Amino acid sequence: MGGNHSHQPEPEGNGTEWSEREFREAEERRRQAEEAARRAREAAERAAREAEEQRRREHDAKLAAERAAQAAREAAERIRRQREEAERAKQRDREETEARAREARRQWAKEEETRSSRRAKEEAEREAQEAAEREELQRLLKKAVVIPTSEEIRLAKAKVQYDDAMFYFAVVGIAGSGKSSLINALCGMNDNHPNAAPTGVNKSTTKISRYVDTAHPEQFAWYDVPGSSTLGTPVWQYFNSQGLYVFDCVLILFNDRLTVVDQAILTNCHYFQIPTFIVRSKSDQHIRNLVMDMGCDPDKDAGSPEQFQEVARKKLIKETRRTVRGSLVEANLHSQRVYIVSKKTLFGAVKNKEPEGMIDEAELLTDLSGAWVSKRYKKPL
C-alpha cells in the first residue's frame with residue numbers, strides 16, 4: 001500500500017528497463033491497492049460513525065426510557081396522591097354527611113318531641129274540651145225542655161213573619177259552616193245574586209235573616225240563624241232564644257263534628273217533633289284537602305288523578321258518617337242520616353242540571369220536599 005513497490009528480478013535479455021506493459025500493470029495494481037485501502041478506510045470510518053450513531057441512539061433511548069420511567073413514576077405518584085386526596089375527600093364528605101345526618105336526626109327528634117308534646121297537649125285539650133262539652137250536654141239534657149208561652153210563640157212567629165200557608169226552614173250552625181251559601185244554592189241563587197245571602201269570612205250572621213226561594217216565593221222561606229258562639233248565648237237557651245220551635249224544618253250545618261249546641265237543637269227538635277236534617281257542606285273543599293293530604297296538589301297537578309279523588313270522597317263519607325253517629329250516641333239521640341253536599345253541585349241539582357260529583361245533594365232535595373209535603377202541626381204549643 002501507499003508507496004510500497006514490488007521488486008521483481010529484471011528480466012533477462014532486457015537489462016534494467018521495464019516494459020511498458022509491466023509498468024502499466026504495476027501501476028494498476030498500485031492504484032487498485034490504494035483504492036482498496038481508501039474503501040477500507042471509508043468502510044471503517046462509516047462503521048465507526050454508525051457505531052457512534054448507534055451508541056448515541058442507544059444512549060438517547062436509554063435516557064428516554066429513564067425519562068419515561070421517571071414520568072411514569074411521577075404520574076403514578078400523582079395518581080396515588082390524587083387517589084389519597086379523593087379518598088380523604090370522600091372520607092370528609094362521609095363524615096360531613098354523617099354529621100349532617102346526625103344533626104338532622106337530632107333536629108328531627110327534637111321537632112318530633114315538640115310535635116309529640118304539642119299533639120299530646122292538643123289531644124289533652126281536646127279531650128278536656130270534649131269532657132266539658134259532654135258534661136255540659138248532660139247537664140243540659142237533664143233540664144226539662146222549656147215550653148214557650150203563648151206570648152213567646154206569638155212574638156217568635158211575628159219575628160219571622162210566619163204564615164201558615166208557607167213552609168219555614170231554619171238553617172243553623174257555627175260561623176263558617178256554609179249556611180249562607182247553602183241557602184243561596186237551595187233558593188237557586190248564586191252568591192253574587194242581588195237577593196242572595198251575604199257570604200265571606202267577614203259576613204258572620206248576627207241576627208236571623210229571611211230569604212225567599214225565587215222559584216217558589218209563596219211556598220218556602222229560608223232563615224239564616226246566627227250561631228250561639230256569635231251571639232254568646234248559653235247552650236240551653238239557644239233553641240228558645242232563636243224561636244226555633246216555630247219553624248217547620250231545621251237544617252243543622254257542621255264542619256268537623258256536631259257541637260253541644262247542635263246536639264241540644266236535635267234534642268229540642270225531637271221533643272217538638274220538628275224534622276231535622278244534619279248537613280255537612282263544602283264537600284268539594286273537604287275532598288280537595290284530603291287529596292292534598294295524600295300528596296296530590298290540585299293546583300300543580302292539572303286535574304287530580306281520579307283515584308285520589310275517589311279515595312278522598314270515600315274517606316270523607318266514611319269519616320263524616322262515623323263522626324255524626326258517635327255524636328248522636330253521645331247525646332242519647334236516635335240515629336239519623338247526614339247529608340254531605342257542596343254548594344256548587346247543590347245549585348246544579350236545584351237547577352236540574354245533574355252536575356257531576358254529587359254525593360247527597362239529590363237525596364237532600366228529595367227529603368226536604370218530603371218534609372214539606374208531609375207538613376202538619378206536631379208542636380205541643
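1. Phe169 and Trp222 are both buried, where buried means under 20% relative accessible area, exposed over 50% and partly exposed in between (1.4 Å probe, protein chains only). The model is predicted: local features need pLDDT of at least 70, side-chain atom pairs count only at pLDDT 80 or more, and totals for chains, interfaces and linings use all residues. Residues are numbered from 1 along each chain as its sequence is written, and side-chain values use heavy atoms, with hydrogens and water left out.

2. Rings of Phe, Tyr and Trp (its six-membered ring) pair if their centres lie within 6.5 Å; planes under 30 degrees apart count as stacked, over 60 as edge-to-face and the rest as tilted. This rule gives twelve aromatic pairs. Phe169 and Trp222 are stacked because their ring centres are 3.9 Å apart and their planes at 10°. The pair links distant parts of the chain, 53 residues apart: Phe169 belongs to strand β1 (residues 167–173) and Trp222 to strand β3 (residues 220–224). Strands (E, at least two residues) and helices (H or I, at least four) are DSSP runs, numbered from the N terminus. Ring pairs also join Phe167, Phe169, Phe220, Trp222 and Trp372 into a cluster.

3. There are 30 salt bridges, each a side-chain nitrogen of Lys or Arg within 4 Å of a carboxyl oxygen of Asp or Glu. In one of them, Glu77 meets Arg81 with the closest N and O atoms 3.4 Å apart. Both residues lie in helix α1, four residues apart, about one turn of the helix. Glu77 is partly exposed at 29% relative accessible area, as is Arg81 at 41%. A salt-bridge network links Glu77, Arg80, Arg81, Glu84, Glu85, Arg88 and Arg92.
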